[in-house]
Amino acid sequence: MMQIIKKLWIVLFIWAFFSGVMPALAEEFLSVRKVYDGDTIELQNGVHVRYIGINAPEISHENLPAEPFALEALAFNETMVSSRLVRLQTDQETSDQYHRMLGYVFLKDGTFVNQEMVRSGLAYVLYKAPNTTYDNVLLKAQQEAMKSGKGMWGNWKEKNTSYSGNRSSRRFHLKTCALGQRISTQNRIQFGRKWDAFWAGYSPCKKCMGQGPIE
Ligand SMILES: [Zn+2]
């Protein structure tokens, strides 16, 4: 009889674990070993994590100079997570083509690191379906940063020109970009300024606007 009860407990335990009845077990906190830039870290177990839903300016790599605000973004990310314990939340896709884990990063006090990066104006919203759990939260944080001129949004200057946005991918392009010219009429939206595109949650195409928001 005891044997059967024991077996039942094991079955119940396994079921509870996989069905999410015991989320506490999945909420493991891991220490951050290295901060690479404003959106990438390495954990104590060697796993590289790319923050989902945002993009921070690139630091210097392959002889390319650092993009504006890249070092500020790195420093701010470091002050938040360096040598700290973090918890990862994943979305539909758990890794990218570089074998990095894709995650929403939280501190023990509940700080949502992805959101703080955007709120500081040192990263912008990068929409990527199907990983869209915190889409609205992140866009709201960006609009706050834009309104108060934080980080990259301060002293914003740009001439009115014309950009083509894709409602489906939420990327925007220069008029001359072949990718932009291929957007279907149904998905196409015009922006007169980059600012308006960012405000609506669109991010710049890497092919035609490699340097990100600031020229
Ligand atoms: Zn483009």
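This is a predicted model: local features need pLDDT of at least 70, side-chain atom pairs count only at pLDDT 80 or more; totals for chains, interfaces and linings use all residues.
1. Strands, as the word is used in this note, are DSSP runs of E of at least two residues, numbered from the N terminus.

2. When neighbours within four places in sequence are left aside, threonine 40 is in contact with Val35, Val49, Arg50, Asn77 and Arg100. In a regular strand the side chains alternate between the two faces of the sheet. Strand β2 shows Thr40 and Glu42 pointing one way and Ile41 and Leu43 the other way, and all of them are buried.

3. On one side of the pairing, strand β1 (residues 29-35) and strand β2 (residues 40-43) run in the antiparallel sense and share three bridges, and a hairpin of four residues joins β1 to β2. Within this pair, lysine 34 stands opposite glutamate 42, while valine 32 stands opposite leucine 43.

4. Strand β2 also pairs with β3 in the antiparallel sense, again over three bridges, and the bridge partner of glutamate 42 in β3 is histidine 48. The hairpin of β2 and β3 has four residues between the strands, and in it glycine 46 takes a positive phi near 85 degrees.

5. What do these strands build? They belong to a closed barrel of five strands with mixed pairing, in the order β1-β2-β3-β6-β5. Neighbouring strands of this sheet are turned by 60 degrees against each other on average, with direction ignored. Helix α3 (residues 70-81) lies across β1, β2, β3 (48-51), β5 (85-89) and β6 (101-107), and its direction is at about 150 degrees to that of β1.

6. The largest nonpolar core has 31 residues, of which Ile41, Tyr51, Val81 and Met117 touch the most other members. At least two residues of this core come from each of β1, β2, β3, α3, β6, α4 (113-119) and α5 (135-147), and β6 gives the most, with five residues. Isoleucine 41, if residues up to four places away in sequence are not counted, touches Val32, Lys34, Val35, Tyr36, Val47, His48, Val49, Tyr51, Asn77 and Val81.

7. Phenylalanine 112 and arginine 87 stand 25 residues apart in sequence and 9.8 Å apart in space, taken from C-alpha to C-alpha.

8. Which residues hold the zinc ion as its protein donors? They are His173 (ND1), Cys177 (SG), Cys205 (SG) and Cys208 (SG), at 2.2 to 2.4 Å from the ion. The four donor atoms subtend angles of 94 to 128 degrees around the zinc ion, and the arrangement is therefore tetrahedral; the cut-off behind this is that all angles lie between 85 and 135 degrees. Ideal angles for four tetrahedral donors at a metal are 109.5 degrees.

9. Along the chain, the donors of the zinc ion follow the spacing H-x3-C-x27-C-x2-C. Distant parts of the chain are linked by the pair of cysteine 177, in the loop between β9 (171-174) and α6 (178-181), and cysteine 205, in the segment after β11 (203-204), which are 28 residues apart. Cysteine 177 counts as buried because its relative accessibility is 8%, and cysteine 205 counts as buried because its value is 6%.

10. Some backbone details may deserve a look in the viewer. The peptide bond from alanine 129 to proline 130 is cis, with omega near 5 degrees, and proline 130 lies in the loop between β7 (124-125) and α5. Asparagine 63, in the loop between β4 (54-55) and α3, has a positive phi of about 65 degrees although it is not a glycine, and at 83% relative accessibility asparagine 63 counts as exposed. Histidine 99, in the loop between β5 and β6, likewise has a positive phi, near 65 degrees, in a residue other than glycine, and at 73% relative accessibility histidine 99 counts as exposed.

Methods: Residues are numbered from 1 along each chain as its sequence is written. Side-chain values use heavy atoms; hydrogens and water are left out. Two strands pair if DSSP finds at least two bridges between them. Axes are lines fitted to C-alpha atoms, for helices over the stretch in contact, and angles run from 0 to 180 degrees between N-to-C directions. Contact means heavy atoms within 4.5 Å. Donors are N, O and S atoms within 2.8 Å of the metal (3.2 Å for Na, K and Ca); water is not among the atoms, so sites may look incomplete. Four donors count as tetrahedral if all angles lie between 85 and 135 degrees; four count as square planar and six as octahedral if opposite donors are over 155 degrees apart and all others between 65 and 115; anything else is irregular. Buried means under 20% relative accessible area, exposed over 50%, partly exposed in between (1.4 Å probe, protein chains only). A nonpolar core is a set of buried Ala, Val, Leu, Ile, Met, Phe, Trp, Tyr and Cys residues joined through side-chain atoms within 4.5 Å.
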